Amino acid sequence: EIKRVNVLPYPYLEGDSLRVDFSFREAQRRKTRAAHRVWQYLKSNYLLFSTLETRFKLLRARGIQIKVAEGEKDMSHAPGPSRRLTTISLPSTWPDSLVQRAEVLAEAVILDWRDAVARSGRDFVILYVPRQRELGKPAEEQDSWAAWLIDLCNRNEIDLIDPSDLFVERRRRGQTIYQDHLSRDGHRAMSEVFVKEFRRSNEEDSP
């Protein structure tokens, strides 16, 4: 109901079973044609074509915007009368019924991924990207999915890699962690946390 696009497979629950709707394949059959493949090639290999498509889509969806609201920069804006709910909207802006469905469905998807990874003989971990405006707050006080995700991981013994503490430390040093998504310093910090956890895990598994 929220994403409303027909170019992706969608998971859904049928009773207690997880199912995936692949009907997008039929709806997107045109993408197998030569013209579409040529355009995809151009976008993948030339920044000009990729930028043109992105800007055209933004223009068609949002119109001409002279200024960008601060809330849009850090994904903290609430949907108004003319702004529909999206998958990155703050959880507090979601109806309770959708929050509950999202949590149940997301848990089923994550556990399905975990089991598939385990069957392949690999370790499953989740690397968390904290919201900018919630950084430094206790998880239970955040307007985010952090508390739910932490609880899910604890209940199912899933390793969760959370860079929040290092982000806060680097921000105190004057580094810019976020620039829409993550800045260069933000990516460095995220990488450091991941590599440290990866090495720790390998050392624990070594005989």
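Visitor: Leaving aside neighbours within four places in sequence, which residues is valine 129 in contact with?
Guide: Valine 129 is in contact with His181 and Met190 once those neighbours are set aside, where contact means heavy atoms within 4.5 Å. This is a predicted model, in which local features need pLDDT of at least 70 and side-chain atom pairs count only at pLDDT 80 or more, while totals for chains, interfaces and linings use all residues. Residues are numbered from 1 along each chain as its sequence is written, and side-chain values use heavy atoms, with hydrogens and water left out.

Visitor: Where does valine 129 lie?
Guide: Valine 129 lies in the loop between β3 and α6. Helices (H or I, at least four residues) and strands (E, at least two) are DSSP runs, numbered from the N terminus.

Visitor: And how is valine 129 classed by accessible area?
Guide: Valine 129 is partly exposed, because its relative accessible area is 37%. Buried means under 20% relative accessible area, exposed over 50%, and partly exposed in between, with a 1.4 Å probe and protein chains only.

Visitor: What separates the C-alpha atoms of valine 129 and isoleucine 161?
Guide: Those C-alpha atoms are separated by 9.1 Å, and the two residues are 32 residues apart along the chain.

Visitor: Let us turn to methionine 190. Is methionine 190 buried or exposed?
Guide: Methionine 190 counts as buried because its relative accessibility is 8%. The residue lies in helix α8, which spans residues 184–205.

Visitor: What does methionine 190 touch, not counting residues up to four places away in sequence?
Guide: With those residues not counted, methionine 190 touches Leu127, Tyr128, Val129, Pro163, Phe167 and Leu182.

Visitor: Serine 144 next. Where is that residue found?
Guide: Serine 144 is found in the loop between β3 (125–127) and α6. At 12% relative accessibility, serine 144 is therefore counted as buried.

Visitor: Which polar contact joins the side chain of serine 144 to another side chain?
Guide: The side chains of serine 144 and glutamine 142 are joined by a polar contact of 2.9 Å. A polar contact is a pair of N or O atoms within 3.5 Å; within protein, one must be able to donate a hydrogen and the other to accept it, and residues adjacent in sequence count only if both atoms are side-chain atoms. The side chain of serine 144 also reaches the backbone nitrogen of alanine 146, at 3.1 Å.

Visitor: What else does serine 144 touch, beyond four places away in sequence?
Guide: Serine 144 touches Pro91, Tyr128, Arg131 and Glu134.

Visitor: Now the strands. How do β1 and β2 run?
Guide: Strand β1 (residues 10–14) and strand β2 (residues 17–21) run antiparallel and are joined by five bridges. Two strands pair if DSSP finds at least two bridges between them. Tyrosine 12 stands opposite arginine 19 in β2, and tyrosine 10 has aspartate 21 as its bridge partner there.

Visitor: What lies between the two strands?
Guide: Two residues lie between β1 and β2 in this hairpin, and glycine 15 in the turn has a positive phi of about 70°.

Visitor: How do the axes of α2 and α3 cross?
Guide: The axes of α2 (residues 34–45) and α3 (residues 47–62) come within 5 Å and cross at roughly 110°. Axes are lines fitted to C-alpha atoms, for helices over the stretch in contact, and angles run from 0 to 180 degrees between N-to-C directions. The two helices are therefore roughly perpendicular, a class that covers 65 to 115 degrees, while angles under 35 count as roughly parallel, over 145 as roughly antiparallel and the rest as oblique.

Visitor: Which residues make that contact?
Guide: Trp39, Leu42, Lys43 and Asn45 of α2 meet Leu47, Phe49, Ser50 and Glu53 of α3.

Visitor: Finally, how many helices and strands are there in the protein?
Guide: The protein has eight helices and four strands. Buried residues make up 26% of its 207 residues.
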